[in-house]
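The entries are in the order I made them.

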Amino acid sequence: MASALRKPAFLFDLDGTLIDSVYQHVLAWRDALEQENMSLPAWIIHRRIGMSGGLISSALQRETGRPVSLKTGEKLQKLHTKYYLKHIDQIKPLPGAKKLLAHLTSRSIPWTVATSSSLERAQHALKLLHVGSKIPVVTRDDVTHGKPDPDLFLAAADRLDVPIDHCMVVGDSVWDLLAAQRAGTLGIGVLSGGYGQEELLAAGAYRVYQDTADLFEHLDEVGVRETQ
């Protein structure tokens, strides 16, 4: 009975889920590619956002028709960080993000952030969201593999000390939802990162909402009741 009444825990992706930063990442990858004399349309780059930086750099090299080089991939990742940080002042929390996190905190519902970004790229966004030091954030620096591998979400559940099957992943990309499935937990999709509803459902989303503001209005649908 105690297990059945356990409150759910939430594992949030960051970029495109809580923070409006997807297109800044797209532009940063495009600039990184162009510095290395490679070029891709922004829409192709967008389709890879949400994967780990290493996988993105390999995938983008492959899309250009060039042989995949680990050395070039590492350089692209560094350039991506450099150009992304130039856009850092443009990013803002997505509608409802701070309100949702504050509500979960007020209800003593466990939550954290699990992001494919490095701490260097993520820390400004975390400050905008008022994510304090008591929240056990997991970044790409903390795990062996990023999304779509399940490592980030497994580590996040472990840091919350909540079984992974009592957690729900909230993410904007197919890579979030694939990682959630591989971790053995439910995935909730949001459209705020640019993926379509059908894509997110096909990748395993249990429910899909417009953004975190929409999710906040429908928390009862994912097991958060007014009286727990």
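**Ground rules.** I worked from a predicted model, in which local features need pLDDT of at least 70, side-chain atom pairs count only at pLDDT 80 or more, and totals for chains, interfaces and linings use all residues. Residues are numbered from 1 along each chain as its sequence is written, and side-chain values use heavy atoms, with hydrogens and water left out.

**Sheet.** I looked up the strand order and found an open sheet of five strands, E4-E1-E5-E6-E7, with parallel pairing. Two strands pair if DSSP finds at least two bridges between them. E4 and strand E7 (205-209) are the edge strands, each pairing on one side only. From one strand to the next, the twist averages 20°. I then checked E6 (residues 186-190) against E7: they pair in the parallel sense over four bridges. Gly-189 stands opposite Val-208 in E7. Helix H8 (residues 174-183) lies across E5, E6 and E7 and runs at about 170° to E6. Axes here are lines fitted to C-alpha atoms, for helices over the stretch in contact, and angles run from 0 to 180 degrees between N-to-C directions. Contact means heavy atoms within 4.5 Å.

**Aromatic rings.** I searched the whole structure for aromatic pairs and got two. Rings of Phe, Tyr and Trp (its six-membered ring) pair if their centres lie within 6.5 Å; planes under 30 degrees apart count as stacked, over 60 as edge-to-face and the rest as tilted. Phe-10 and Phe-12 have ring centres 6.0 Å apart and planes at 20°, so this pair is stacked. Phe-12 and Trp-111 form an edge-to-face pair, 6.4 Å centre to centre with 75° between the planes. Phe-12 lies in strand E1 (residues 9-12) and Trp-111 in E4, so the pair ties together parts that are 99 residues apart in sequence. Phe-10, Phe-12 and Trp-111 form one aromatic cluster.

Buried means under 20% relative accessible area, exposed over 50%, partly exposed in between (1.4 Å probe, protein chains only).

**Helix H6.** Which residues of H6 (residues 119-128) are buried? I noted Arg-121, Ala-122, Ala-125 and Leu-126. They cover an arc of only 125° around the axis, which puts them on the same side of H6; the arc is that of the directions from the helix axis to the C-beta atoms. The buried residues of H6 pack against strand E2 (19-20), helix H1 (22-35), helix H4 (70-86) and strand E4 (111-113). After H6 comes His-130, with a positive phi near 60°.

**Backbone angles.** Most residues other than glycine have a negative phi, and most peptide bonds are trans. I therefore listed departures from this. Ser-108 has a positive phi of about 60°; Ser-108 lies in the loop between helix H5 (97-106) and E4 and is exposed at 56% relative accessible area. Asp-161 also has a positive phi, near 60°, sits in the loop between H7 and strand E5 (167-171), and counts as exposed at 67%. The peptide bond from Lys-147 to Pro-148 is cis, with omega near 15°. I placed Pro-148 in the loop between H6 and helix H7 (151-160).

How values were computed
Helix = DSSP H or I, 4+ residues; strand = E, 2+ residues; numbered from the N terminus.
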